[in-house]
Amino acid sequence: MSREGQSQDEKELEKNLCKVIKSGQTARQLIKVHRTESTVHNLADLFEKVEPGIIEDSSDWNEFRTLSKDLFWGITPDIVIRPIGSNQNRIIIEVKKDSPFTHKEPDASQVLRYFLHLLVTTDKSPESGIRRAVLLAAPQSWFKGKHSASWDHFLSHYRPLANHFDITLGEIYLDSIPGS
């Protein structure tokens, strides 16, 4: 295991997902987004005609390191997507294989912290060409297993807030992506 319990297999899933995202809009259309209430059906729907900058498993994504240390101190999403040349993070993707969230508390979970950070540090307007989203990428079995309770709680309690502020919440099934 490496950073925060992430297995090497999980890291490989993350790298593969980044590779597909970087390979272009056609490939991003193959990455379906499930359980969303927005107009987003695949990852390409979150982008206009802008190429993304991708920050993978690094704290470089967080321009606001001193903002609310109780909530955000030390959090590092697996993948952060922003327009090239912009410091505004627009999409946060957490990758799981068989591990639980780092923070599992129902109202302080890992994904809730990412969502709140995105809500506070970005604006609603997609002038950048990339809409906002918090996505969980995992094999489909993860969403049916014992680790999904925090995710299900997050979706049921925070989806109305996300919809109001135009932040897409959804699932990516890694076992349906080419090369996974």
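This is a predicted model: local features need pLDDT of at least 70, side-chain atom pairs count only at pLDDT 80 or more; totals for chains, interfaces and linings use all residues.
Student: What does K97 form a salt bridge with?
Tutor: K97 forms one with D9, and the closest N and O atoms of the two are 3.1 Å apart. The pair links distant parts of the chain, since K97 sits in the loop between strand 3 and helix 4 while D9 belongs to helix 1, 88 residues apart.

Student: And how many salt bridges does the structure hold?
Tutor: The structure holds eight. Another of them is formed by R35 and D152, whose closest N and O atoms are 3.1 Å apart; R35 lies in the loop between helix 2 and strand 1 and D152 in helix 5, so this pair ties together parts 117 residues apart in sequence.

Student: Which residues are joined with R35 into one network?
Tutor: Salt bridges with shared partners join R35, D152 and E171 into that network.

Student: Switching to the largest nonpolar core, which residues touch the most other members?
Tutor: Those are L17, I81, I91, I93 and L135, out of 26 residues in that core. Helix 1 supplies the largest share, five residues.

Student: What does I93 touch, leaving out residues up to four places away in sequence?
Tutor: I93 touches L17, I21, D78, I79, I81, L135 and A137. Apart from this core lies another, of 21 residues, among them L112, F154, L155 and Y173.

Methods: Residues are numbered from 1 along each chain as its sequence is written. Side-chain values use heavy atoms; hydrogens and water are left out. A nonpolar core is a set of buried Ala, Val, Leu, Ile, Met, Phe, Trp, Tyr and Cys residues joined through side-chain atoms within 4.5 Å. Buried means under 20% relative accessible area, exposed over 50%, partly exposed in between (1.4 Å probe, protein chains only). Helices (H or I, at least four residues) and strands (E, at least two) are DSSP runs, numbered from the N terminus. Contact means heavy atoms within 4.5 Å. A salt bridge is a side-chain nitrogen of Lys or Arg within 4 Å of a carboxyl oxygen of Asp or Glu.
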